[in-house]
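I wanted notes on pockets, salt bridges and surface for this chain. The model comes first, then my entries.

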Amino acid sequence: MKDYNARWYHRIGIWFGIGLNPASITMGGGLAAALPFQTLFWVVPVGCLLLMALAIAAGIIGQSLRAPLARWSVSTFGFGIGALTINLMMGVGMVGWHGFQLGLAGTALGVLLRLPNWLGIVLLAVTVCIASFSSVNRWNWLTWITGLSALGLAIFSLLAVGTGIDSGYQTPQTTFRTILWAIGTIASFAALFALRVPDFTFDLKTRQDVVIDGLALFVALIFGVLVGMYLYRATGSWDLTVILAGSRIAFVAQLFLVLSLIAPTLSSVHSGALAWSNVLPITSRVGIVLLIGLGLVLGLTRFDQRLLPFLDWIGTIVPPALAVMIGAVFVRRYTTTKWTYAAWVVGALIALGLKIAGQDVHFFAGFIISLLVLFSARIFNPRAKLAPS
């Protein structure tokens, strides 16, 4: 019989590491370039609160059903096209995150070893590939190295540049459109993680354990974003490698930058390789090579400098899926896997259309529309039953 007695302190390193890392710091800099500080001081907590609520909701469902993502997604969308789409979305998303990690950490590694940036990225990609084959990405202690290194990175970065105001810093204007964009961007930041949360909560002992871990994500994410905001205001840049390169303690800060991305890099390879092996007729090892190869291409083009546009596109596809997976628990008697899949597709297509049209409400529109389609099953499909989980 499966042991479901894991406690919050067994998993808190994962949640903390997702919240505080170079990506959240970079995102904070990007947000500071779009909105003034006085606005961000309330927008950031709202966005973090929304993300925490989604992650906790998904985590509690996983804990209640004792179901990781694979089982939960199949029970919601069914086998066949439903499972294929989930895995494809996860695979593409992990390629993007891996490209971000390789670009940022590889460049920092090149600086540390006094190598060209591209060589540092290639060297890191080869190292990650070897480590992934040996299953290092499953070692739990790496999450603590990541979290503590990210904390060190944040502290040393602030010490290196201070919290003053760069002479070229110009206060952006606040608009309702940019506020919605900022909240949606923050929520999209860990949307893929929120989708995978049941993998880390299905064997937790109580719901309280899920909530405590969710609070750790909330606090860590706010701190990471705030650090990025202050770094941008002090330097006028949100490229961490550029910010740290000219500091007096650049070596230490760059070392923390590389270490803070070890666990996320290996984790993205692990999750992405599994996803691709379920999309294509390949083994997980071939999936590792495929994902690292695609991520290397993105890393060499410095995909890490395109984090916010990447999160924008994530915000068109993942939130509708998350909305349906959470909402389906409440309308289980009235819907089918075909209906839930249709609800996801409709919401995602509308969000995608709004994104292409330049409307920054795509995150909220896709989420809400998918829920509306899902709950309309009570009217159009009153006797249907969702496939058993």
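My entries below go from basis to pockets, salt bridges and surface.

**Basis.** I worked from a predicted model, where local features need pLDDT of at least 70, side-chain atom pairs count only at pLDDT 80 or more, and totals for chains, interfaces and linings use all residues. Residues are numbered from 1 along each chain as its sequence is written, and side-chain values use heavy atoms, with hydrogens and water left out.

I looked up the largest pocket and noted a volume of about 1,100 Å³. Its lining has 45 residues, and R196, F200, S267, H270 and S271 are the closest to the centre. A pocket here is an open set of points on a 1 Å grid over the protein atoms alone, where a 1.4 Å probe fits, with protein on both sides within 12 Å along at least five of seven lines; lining residues have an atom within 4 Å of a point. Helix 14 gives the largest share of this lining, nine residues. Helices are DSSP runs of H or I with at least four residues, numbered from the N terminus. By class I noted 26 nonpolar, 15 polar and four charged residues in the lining of the largest pocket.

The second largest pocket holds about 340 Å³. It is lined by 19 residues, with L88, M89, V92, W313 and I317 closest to its centre. Helix 5 contributes the most to this lining, seven residues. I noted 16 nonpolar, three polar and no charged residues for the second largest pocket.

**Salt bridges.** How many salt bridges does a search of the whole structure find? I recorded five, taking a salt bridge as a side-chain nitrogen of Lys or Arg within 4 Å of a carboxyl oxygen of Asp or Glu.

R177 and D360 form one, at 2.6 Å from N to O. R177 is in helix 8 and D360 in the loop between helix 17 and helix 18, so this pair ties together parts 183 residues apart in sequence. D360 is buried at 17% relative accessible area, buried meaning under 20%, exposed over 50% and partly exposed in between (1.4 Å probe, protein chains only).

I also checked K355 and D312, which meet at 3.0 Å, N to O. K355 lies in helix 17 and D312 in helix 16, so the pair ties together parts 43 residues apart in sequence. K355 counts as buried at 19%, and D312 is buried at 9%.

**Surface.** I noted L119 in helix 6 as partly exposed, with a relative accessible area of 31%.

How values were computed: Helix = DSSP H or I, 4+ residues; strand = E, 2+ residues; numbered from the N terminus. Points joined across faces, edges and corners; volume = space filled by probe spheres on them. Nonpolar A, V, L, I, M, F, W, Y, C, P; charged D, E, K, R; others polar.
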